[in-house]
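Below is a short report on a two-chain model. Please read it alongside the sequence and the coordinates.

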Amino acid sequence: MSDSTIAVDTHESDLQHHFANLEQQQEASVMGMWVFLITEIMFFGGMFAGYMIYRHLHYQGFVQGSLHMDFWWGTINTVVLLCSSLTMAMAVRAAQTSQRKAIVVFLLVTILFGLAFLGIKVIEYHSHWVEHQFPGHDFHLLDEKGQPSPYTSEAEVFFSFYWAMTGFHALHMVIGVGLVSWIAFLAWRGRYDAHYFTPVENVGLYWHFVDLVWIYLYPLLYLISNKHLSG
Amino acid sequence: MASAAVPLERENYLNKEYGIGSWLLTTDHKRIALLYLLSITFFFFIGGFFALLIRLELLTPAGDLVQADTYNKLFTMHGQVMVFFFLIPSVPAVLGNFLIPIMIGAKDLAFPRINLLSWYLYAIGGLFMLYTIVNGGVDTGWTFYTPLSSQFLDTQVVAAALAIFIAGFSSILTGLNFIVTVHRMRAPGMTWSRLPLFVWANYATAIIQVLGTPVLAITLMLVALERIFRLGIFDPQRGGDPLLFQHLFWFYSHPAVYIMILPGMGVVNEIVPCFSRKRVFGYRFMALAVIAIAVLGFLVWAHHMFVAGISLYAAMVFSLLSYFVAVPSAIKVFNWTATMYKGSVSFDTPMLYALGFIGLFMMGGLTGLFVAALGIDVHVHDTYFVVAHFHYIMVGGMVIAYLAGIHFWWPKISGRMYPEFWGKLAAMIIFVGFNLTFFPQFVLGYLGMPRRYWQYSPEFQVLNVFSTAGATILAVGYLLPMAYLLWSMRYGKIAGDNPWNAAGLEWTISSPPTTFNFDETPIVTHEAYNYGEIDQPKEVPVER
């Protein structure tokens, strides 16, 4: 970005009055995003800390709860999110190299992956709901033999974490899809190129962060018991 | 820039534009600071009104003024309004917002629009709080302890939690803005070791805001989810643990205590050298001390839970760590004293407040050591001793520092001087009123009067009458500055750019400042405490 000070005239309007040059503005924006992501880590960190303690206290309940996760939907969703992060990274790369059309295409593909993730999540939520796996609402849990599990109340705590953690994650996904749509629209208007693409980079950082949260949620919620893997 | 049509007054941030729209849509950090000033003053008087009702109820041992449930709501909403809607935004969002860009030689904060968004979030959170208040209130105590808050109360818990959640985001965004601004917006030559200590203090505060507040946000959300959807994370009947709530809550709320004192220390850091005409003593240690307090503040939360059933070993570790906080705090107090030593001290209003701060903060800090000690804490836990202790920090410390700062920088903010006589009088009234209110509470607590009780044994009445009398005096002390500061905006003496002969970039620009603060970006060549080189008209310059 060392040549940003010789930005052509059309980019002068990108510089806000209180910055000395585009480089300072870009550094400030990206740093702001990183600081924001730190707050997000602390936000999810509260739930992860609680999860850790309760899993230690109620290990069997957590295993029983985890057995009722749909392993395949979870795995497919993990792959979907990883792919979306790849296309997001490619969108940022396209911005860095001023390929205006490619930015839009990659962002649209990212949106599709994001919507696919949310769609699958809705299917999972629905099946948990109809099977009474929502805490506090006539909660049931059956063991392998179809009998009420002796760990029902502890699994209820597991499901409290499941709904809270994936719920807040899904909320972040919804916001993420909104943000990507917004910058996709601006990219389509030709707003971003190698001289000015900070919003693309920042939304990308946010998207990768939300992806990363899922990378932790997936093993913690779906893979506690290795039954699925060992057959 | 100056318009020829208005020859009398130079164009500044106040008279550049007029009308409601020019304020509500402004991105100027100085105007946003004034928006905060107005809104936190509003909430200060709401919180103060609750406090007055509490003190009136406690005038007699019998519960005769309000019902027991109403009393619970009064102290809950007093705490929530004062902590989240006055103390936390007080110095950072008003004085920090106004001064940080100017002190580092910048035209604005790094993200002016996010700054405005912070204020709107604060306002929306405030509206939720007002909704809570007028729709029956909330009686969880400001701490929202579960399972009381999640299962047993039928009051506006969710609305209050949302109010604080939203105001929390305002606080997070202010902190984020300050961190990025201090890192990226400093003028040429403004190195980290030349940064004014006020900026250091707000920077340390911003770190706490950014790291701590999200944990409070998720904790309150989990309580809200538990109430709305009946999740079971804090429900002991289903294997949830109410103690986890306390851990998460205090992980934020203990550092939040330092959000409520560090910026006040920053204010005193600027005032003491100016009115002692001396370089601040031990600049580096002063800067490191605020960072140390911010970091240590994250390691002591469980000292609020000594009697909640945590393990003895954990309690001992947290007790020891709590003692460590006393070290940087003592460095601050000693260095302020050393700054005054052999200085040429004058006692203008800001300095009176600053001296009050040092004394009262010391009382609050030292009694903090009492309650950090396991044995004494078991005795005084949940008594008025604790109430007195944290009011010495929050009111004796932060509110007084806030008033000190408002008076010190009022000439810069408004362009006019406040009336010095009334200023000194109000400072004295507040000091006397404060001590009369809260010192008896130390004694009450030590004698065993529990906090949050609506009735008490008759033998405690004398001290409670003292306390209520003090609160009345304190109220007069708070109303006075309201009146004369408003008066001074129109009738005060024109201040000039540097009425205190103070060092620091904010005193090199016009009062009130122009919208972009500096006509051209300043080049900084020295730190902001070179009082040895500034002439004081009536005094001989003092060698450091």
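## Confidence

Chain B has a mean pLDDT of 93, and 97% of its residues reach 70 or more. Here pLDDT is the predictor's confidence in each residue, from 0 to 100. Over residues 1-7 of chain B, pLDDT stays under 50, and the model has 5 contacts for them beyond four places in sequence. Residues 539-544 of chain B are also below 50, with 14 contacts in the model beyond near neighbours in sequence. Two residues are in contact if their C-beta atoms, placed from the backbone, lie within 7 Å.

Chain A averages a pLDDT of 89, and 92% of the residues score at least 70. Its residues 1-10 have a pLDDT below 50; beyond near neighbours in sequence, this stretch has 11 contacts in the model. Where pLDDT is low, the predicted coordinates should not be read in detail. For the complex, the predictor gives an ipTM of 0.90 and a pTM of 0.93.

This is a predicted model: local features need pLDDT of at least 70, side-chain atom pairs count only at pLDDT 80 or more, and totals for chains, interfaces and linings use all residues. Residues are numbered from 1 along each chain as its sequence is written, while chains are lettered from A and ligands numbered from 1 in the order in which they are written.

## Chain A

Chain A has 7 helices and 0 strands. Helices (H or I, at least four residues) and strands (E, at least two) are DSSP runs, numbered from the N terminus. The C-alpha trace of chain A spans about 70 × 30 × 30 Å along its principal axes. Among contacts in chain A between residues at least 6 apart in sequence, 76% join residues at least 24 apart.

Of the 231 residues of chain A, 40% count as buried. A residue is buried if 20 or more other C-beta atoms lie within 10 Å of its own, exposed if 12 or fewer, and partly exposed in between, with C-beta atoms placed from the backbone. In helix H2 (residues 59-67) of chain A, the buried residues include Gly61(A), Phe62(A), Gln64(A), Gly65(A) and Ser66(A). Their cover includes H1, H5 and helix H6 (198-222) of chain A.

## The interface

At the interface, 31 residues of chain A are in contact with 31 residues of chain B. Helix H1 (22-57) and helix H5 (152-188) of chain A each supply at least two residues of the side of chain A that touches chain B. H1(A) gives the most, with 16 residues.

By class, this side of chain A divides into 14 nonpolar, 14 polar and 3 charged residues. Ala, Val, Leu, Ile, Met, Phe, Trp, Tyr, Cys and Pro count as nonpolar, Asp, Glu, Lys and Arg as charged, and the others, Gly among them, as polar.

Helix H7 (residues 197-228) and helix H9 (residues 262-276) of chain B pack at an angle of about 175 degrees, with their axes 7 Å apart. Axes are lines fitted to C-alpha atoms, for helices over the stretch in contact, and angles run from 0 to 180 degrees between N-to-C directions. H7(B) and H9(B) are therefore roughly antiparallel to each other, a term for angles over 145 degrees. Leu197(B), Phe198(B) and Trp200(B) are among the H7(B) residues in this contact; Leu262(B), Pro263(B) and Met265(B) are among those of H9(B). The contact has 9 nonpolar, 4 polar and 1 charged residues.

The largest nonpolar core has 247 residues, and those with the most contacts inside it are Val268(B) and Ala404(B). Such a core is a set of buried Ala, Val, Leu, Ile, Met, Phe, Trp, Tyr and Cys residues joined through C-beta atoms within 7 Å. Not counting residues up to four places away in sequence, Val268(B) touches Trp336(B), Ala354(B), Phe357(B), Ile358(B), Ala401(B) and Ala404(B).

## Backbone exceptions

Most residues other than glycine have a negative phi, and most peptide bonds are trans. The peptide bond from Thr146(B) to Pro147(B) is cis, with omega near 0 degrees. Pro147(B) is found in the loop between helix H4 (112-134) and helix H5 (148-152) of chain B. Another cis peptide bond joins Ser511(B) and Pro512(B), with omega about -10 degrees. Pro512(B) lies in the segment after helix H16 (461-491) of chain B.

Ser98(A) is not a glycine, yet has a positive phi of about 60 degrees. Ser98(A) sits in the loop between helix H3 (71-96) and helix H4 (100-130) of chain A. It is partly exposed, with 13 other C-beta atoms within 10 Å.

Definitions and conventions
Parallel < 35°, antiparallel > 145°, perpendicular 65-115°, else oblique.
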